[in-house]
Amino acid sequence: MTLEECRWVRRIRVEPTALRLRAFTMRCCHNATDVFVNAPFLRSLEYKGSVRDAGGFPLSLTNWGAIEALAMDICEPVSYCTEDSPKIWEVVAMVERCTSLKSLRLSAQPYPPFFPYRARLPGLTRLELRGPFRNNLHITGLIGIVKNTTKLEVLILTLVIDTSQADQAASNKKIVMSKDMLSAQIKCFSSTLRRIHLVGCTRQEGQRRLAKFLLKKATCADEMCVSFAASVAQGSETETLLVKETMSWWRNPLIKITFTR
């Protein structure tokens with residue numbers, strides 16, 4: 001079931017007594033103040049909307065603990081909030097209600113911190129993040145999440161083009177990682193993580209640092225798939241340099257690196 005841009009509705013009650021509803025999506029119903037879903041067989045939830053100043057989200061379920069797949073996209077820029085802000089913790093609380101979570105997709109804000117920062121996700125096996133990875137703080141935010149995902153198997157990062165770094169797209173600046181990155185101890189990177197997918201790659205400095213970090217730290221991964229952004233023309237100098245540089249970084253010799261479009 002999908003509710004999308006129901007701007008005239010404030011209260012919604014879903015009680016599929018005759019149907020075994022397993023997936024529910026709510027997108028951009030910005031005027032809704034009370035959405036109640038009574039679906040005991042619900043396993044997949046997608047939410048795209050805002051975080052209210054008081055009361056968090058308008059959505060409530062009877063069985064948060066049964067949700068196995070959660071996707072969240074916060075429309076408004078709440079990223080300027082500090083880590084301790086009520087809005088950040090509302091996002092964390094919503095994720096942590098899903099105690100059976102196996103798959104999580106988050107659309108990150110333009111600036112750190114990522115959502116959900118320091119949330120406990122012990123059963124998560126698949127994590128997908130969408131964000132610009134502009135600087136070291138974004139990678140630090142990623143570390144903060146994956147440190148608490150001890151069973152993670154698949155990591156998908158969709159890299160949003162950072163227009164403030166557009167002039168660096170073909171830069172040959174040497175990539176250096178901070179001491180915090182080099183010293184980070186991430187259990188799943190050395191025990192359970194098998195597949196990494198970087199989507200929308202260019203040669204922006206932040207993206208290159210992210211790729212180098214993942215190759216160095218994900219010592220048990222079997223595969224890294226690098227998908228080029230549409231702006232990277234096939235056979236271009238940017239593509240050639242990106243492939244050459246990626247293959248030159250230290251990595252587990254058993255990991256298979258593939259490049260796709």
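Two residues are taken to be in contact when heavy atoms lie within 4.5 Å. Among such contacts in the chain between residues at least 6 apart in sequence, 68% join residues at least 24 apart. The model is a predicted one, where local features need pLDDT of at least 70, side-chain atom pairs count only at pLDDT 80 or more, and totals for chains, interfaces and linings use all residues. Numbering starts from 1 along each chain as its sequence is written, and side-chain values use heavy atoms, with hydrogens and water left out.

Of the 261 residues in the chain, 50% come out as buried (under 20% relative accessible area, 1.4 Å probe, protein chains only). The chain has five helices and 13 strands, taken as DSSP runs (H or I, at least four residues, for helices; E, at least two, for strands) and numbered from the N terminus.

Now for helix α1, residues 86-97. Its 12 residues reach 16 Å from first C-alpha to last, close to the expected 16 Å (1.5 Å times one less than the number of residues). K87, I88, V91, V92, M94 and V95 are its buried residues. They line one face of the helix, because they fall within an arc of 160° seen down the axis of α1 (using directions from the helix axis to the C-beta atoms). Their cover includes β5 (44-49), β6 (59-61), β7 (69-74) and β8 (103-107).

Strand β6 also turns up in an open sheet of three strands, ordered β2-β4-β6 with parallel pairing (pairing takes at least two DSSP bridges between two strands). Strands β2 (11-14) and β6 are the edges, each pairing on one side only. Between β4 (residues 34-37) and β6 there are three bridges, in the parallel sense, and F36 has S60 in β6 as its bridge partner.
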